[in-house]
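Dear colleague,

I am handing over the structure we spoke about, and below it you will find an account of what was found in it. Please read the text with the structure open beside you.

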Amino acid sequence: MIKSSASLTRSGPHPAHLWIFSSLGKKTIVAVTGILLVLFVLGHLLGNLTVFIGPEALNAYAEKLHSLGPILWVIRLGLLAVVGLHIFFTMLLWKENQKARPKKYIASNPIGTTIFARTMRLSGLIVLAFVVFHLAHFTVRVVDPSYVTMTTTLDGRQVHDVYSMLVKGFSSVPIVIIYVVGLFLLTSHLSHGLSSLFQTLGITNLRIRKNYELAGRLVAWLLFAGYTSIPLSILLSGLAKGAAQ
Ligand code: HEM
């Protein structure tokens, strides 16, 4: 139902009439928060790749992050807010789409969409569950309590031995399977999210949009290769060492 502009001015702007609750507003919030999350994922990967330089490089990187103290908590809370907004506005968009399409189609018509596009909500939820597991694993360290006591010396100071924690963590086949599956779903989510971003941003030139979409997919799969290289190389080098003994 279309309300008259008089009813809006009399009672003041209802929250539902604010720009962020318009269709474009919601899509923009999902896109902007999505970009922020991709930037985090990219930065986190670059930090973690220092594992290939050696124990000192990774432990020094982790120590630098922890030494941020209260700033680290501001970043963590900011990240949590971004995740919350991303999910909340995705739900609103989903509800809006449901309303626009009240009747269930007898047969869906998936032509022109990919499996990744059709499973965005499911992959998003599983990725969330994976991140919760990951935090329990390496940040809260409850999956294997022995991680808590792993320490080493760095520049004469006692610090947490993140390197040994990763080596022990990824020596377990089930853990590596959880990570590879979680990272695959993250990639499928990002692949569609990054490629549809350009439609949201209003890029109408089909040729340019196709190129951007391809670039989005490429970034998602590069992240997959980068992230999975860590658990897989630790597991495989451990298996190779075991076989040589
Ligand atoms: C193989 C893949 C990954 C590895 C090896 C890895 C490694 C780590 C490590 C070692 C920590 C703990 C740092 C510390 O407290 O010293 C950590 C924290 C964290 N990771 Fe990952 N990570 C991986 C994938 C991911 C992915 C895909 C995401 C997000 C989608 C993610 C999100 C986070 C978050 C949010 C934290 C908590 C940061 C904090 O508050 O301190 N990680 N990760």
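**The two strands**

In strand β2, the bridge partner of T152 is V159. T151, in turn, stands opposite H160 of β2, and taken together β1, which covers residues 151-154, and β2 pair in the antiparallel sense over four bridges. Please bear in mind throughout that this is a predicted model.

The hairpin that β1 and β2 form has two residues between the strands, and within that hairpin D155 takes a positive phi near 50°. D155 is a residue other than glycine, which is worth noting for a positive phi value, and its place is the loop between β1 and β2. With 8 other C-beta atoms within 10 Å, D155 is exposed.

A positive phi is also found at R141, where the angle is about 60° although R141 is not a glycine. R141 lies in the loop between α6 and β1, and with 18 other C-beta atoms within 10 Å it is partly exposed.

**The protein as a whole**

The protein has nine helices and two strands, and from the N terminus on its elements follow the order α-α-α-α-α-α-β-β-α-α-α. Of the 245 residues in the protein, 18% are buried. If we take the contacts between residues at least 6 apart in sequence, 72% of them join residues at least 24 apart.

Helix α3 has twelve residues and reaches 16 Å from its first C-alpha to its last, which is close to the 16 Å expected at 1.5 Å a residue. Its buried residues are L58, N59 and A62. Seen down the axis of α3, these buried residues fall within an arc of 95°, so they line one face of the helix. The elements that cover the buried residues of α3 include β1, β2 and α7.

Helix α7, residues 162-169, has V162, M165 and G169 as its buried residues. When α7 is seen down its axis, the buried residues fall within an arc of 55°, and therefore they line one face of the helix. They pack against α3 (55-66), α6 (120-139), β2 (157-160) and α8 (173-200).

Which residues of α4 are buried? In α4, they are H86, F89 and T90, and since the number buried is three of the 31 residues of α4, this helix lies largely in the open. What covers the buried residues of α4 includes α2. As for its length, the 31 residues of α4, numbered 70-100, should span 45 Å at 1.5 Å a residue, and the end C-alpha atoms are 45 Å apart, which agrees.

**Around the ligand**

There are 18 residues around the ligand, and of these A62, R76, F138, Y227 and I230 come nearest. The elements that give two or more residues to the shell around the ligand are α2 (23-48), α6, α7, α8 and α9 (206-244), and the largest share of that shell, five residues, comes from α6. Sorted by class, the shell around the ligand has 13 nonpolar, four polar and one charged residues.

With kind regards

Technical notes:
Residues are numbered from 1 along each chain as its sequence is written. This is a predicted model: local features need pLDDT of at least 70, side-chain atom pairs count only at pLDDT 80 or more; totals for chains, interfaces and linings use all residues. A residue is buried if 20 or more other C-beta atoms lie within 10 Å of its own, exposed if 12 or fewer, and partly exposed in between; C-beta atoms are placed from the backbone. The arc is that of the directions from the helix axis to the C-beta atoms. Two residues are in contact if their C-beta atoms, placed from the backbone, lie within 7 Å. Two strands pair if DSSP finds at least two bridges between them. A residue is near a molecule or strand if its C-beta atom, placed from the backbone, lies within 6 Å of it. Ala, Val, Leu, Ile, Met, Phe, Trp, Tyr, Cys and Pro count as nonpolar, Asp, Glu, Lys and Arg as charged, and the others, Gly among them, as polar. The expected span of a helix is 1.5 Å times one less than its number of residues.
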